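Colleague: Hi! Could you walk me through this protein?
Modeller: Happy to, let's take a look together.

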Amino acid sequence: MSALHRRDLLAVLSGLTAFGLGTVDSWAKGPSPKSVKPTPPPRPKLVFLDPGHGGKDPGAQGVRGTKEKAVVMAIARELQRELQAGGRYRVMLTRSSDSYVALRERVARAQAAKADLFLSLHADSCDNPDVRGASVYTLSEQATDRETAALAARENRADAVVGGMRLADKPDIVASTLVAMAQRGTVNDSRRLAETIVQGFSRSGVRLLPRTHRQAGFAVLTSPDIPAALIEFGYLSNPQDEKLLTVRQHQIALARALRGSVDAHFAAGAAIRKA
Ligand SMILES: [Zn+2]
């Protein structure tokens with residue numbers, strides 16, 4: 001082939017390429033190898049941990065001065081270590097320091113990262129110093145009892161500090177989120193997750209509040225497509241719970257129990273999809 005002819009042929013081929021008829025390369029190599037590529041291994045699940053409060057918002061205060069924002073951060077770090085150790089999960093935190101992050105911002109961060117699971121970590125307090133034990137909450141349109149409604153008000157109060165749009169004060173947002181969650185099955189996934197966490201705590205000997213799984217209008221649980229639960233690890237207003245929550249071994253035990261529940265949650269989800 002003369003140099004002139006080859007130039008003509010290349011000009012024709014590049015013209016065809018411009019009309020979307022394929023590249024010179026793909027003609028030379030036959031069908032694209034993409035069709036025979038093995039499917040990549042599944043992306044590790046992204047677990048979003050939300051240590052409650054932070055910065056100017058200390059959360060609940062213990063009788064010995066323990067701050068909720070500090071103990072939940074310590075437990076979040078243990079849980080992050082536990083989850084990352086097996087290589088099955090990626091873990092992100094809504095806050096990684098003692099800083100204030102608004103509730104709606106916590107939700108937005110998890111959604112932007114396309115989290116597969118959201119766990120909000122807290123410790124409670126109440127007027128009765130005898131009340132102890134852990135509890136697990138999922139989103140509800142109407143808080144089931146006065147105690148629960150008061151707790152939701154306490155946890156949601158954080159956003160009132162900065163003013164602006166107060167997600168927590170808008171019951172219509174909780175209601176419309178619940179509709180979207182129901183449509184996507186997130187309500188059921190979240191309730192199943194909460195039951196799994198309660199069972200995990202129970203098996204690990206974690207002291208539980210009666211009727212451990214409860215429902216409340218928590219602003220931080222309003223991602224329509226991310227299964228989410230809020231965990232109160234115990235009561236800082238109870239001296240025994242307060243002491244336990246600051247003990248590293250207990251923090252590790254709580255983190256291990258939660259890691260087991262996260263494993264069980266995803267294993268059950270995979271089994272449901274296969275059935
Ligand atoms: Zn809290």
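**A chat about the model**

Modeller: Let's start with Ser 202, which is partly exposed, with 14 other C-beta atoms within 10 Å. Keep in mind that this is a predicted model.

Colleague: Okay, and where is the place of Ser 202?
Modeller: Ser 202 belongs to helix 8, which covers residues 186-203.

Colleague: How far apart are the C-alpha atoms of Ser 202 and Ala 257?
Modeller: They are separated by 9.0 Å, while along the chain the two are 55 residues apart.

Colleague: Let's zoom out. How many helices and strands does the protein have?
Modeller: The secondary structure comes to ten helices and six strands. The protein has 275 residues, and 40% of them count as buried.

Colleague: What about contacts between residues at least 6 apart in sequence?
Modeller: Of those contacts, 81% join residues that are at least 24 apart.

Colleague: Which helix does the chain pass through from strand 1 to strand 2?
Modeller: The chain goes through helix 3 (residues 68-85), and this β-α-β crossover is right-handed.

Colleague: How many bridges join strand 1 to strand 3?
Modeller: Five bridges join them, and strand 3 (residues 117-124) runs parallel to strand 1. Here Leu 49 stands opposite Leu 119 of strand 3.

Colleague: Changing topic: what is phi of His 53?
Modeller: Phi is near 60° for His 53, a positive value in a residue other than glycine. Most residues other than glycine have a negative phi.

Colleague: Where is His 53, and is this residue buried or exposed?
Modeller: His 53 is in the loop between strand 1 and helix 3. His 53 counts as buried because 24 other C-beta atoms lie within 10 Å, and 20 or more is the cut-off.

Colleague: What about phi of Lys 114?
Modeller: Lys 114 is not a glycine, yet its phi is positive, about 55°. The loop between helix 4 (103-112) and strand 3 holds Lys 114.

Colleague: Why does Lys 114 count as exposed?
Modeller: Because Lys 114 has 11 C-beta neighbours inside 10 Å, and a residue with 12 or fewer is exposed.

Methods:
Residues numbered from 1 in each chain as written. Predicted model: local features only at pLDDT ≥ 70, side-chain atom pairs only at ≥ 80, totals over all residues. Right-handed = clockwise from strand over helix to strand, strands pointing away. Helix = DSSP H or I, 4+ residues; strand = E, 2+ residues; numbered from the N terminus. Pairing = 2+ DSSP bridges. Contact = placed C-beta atoms within 7 Å.
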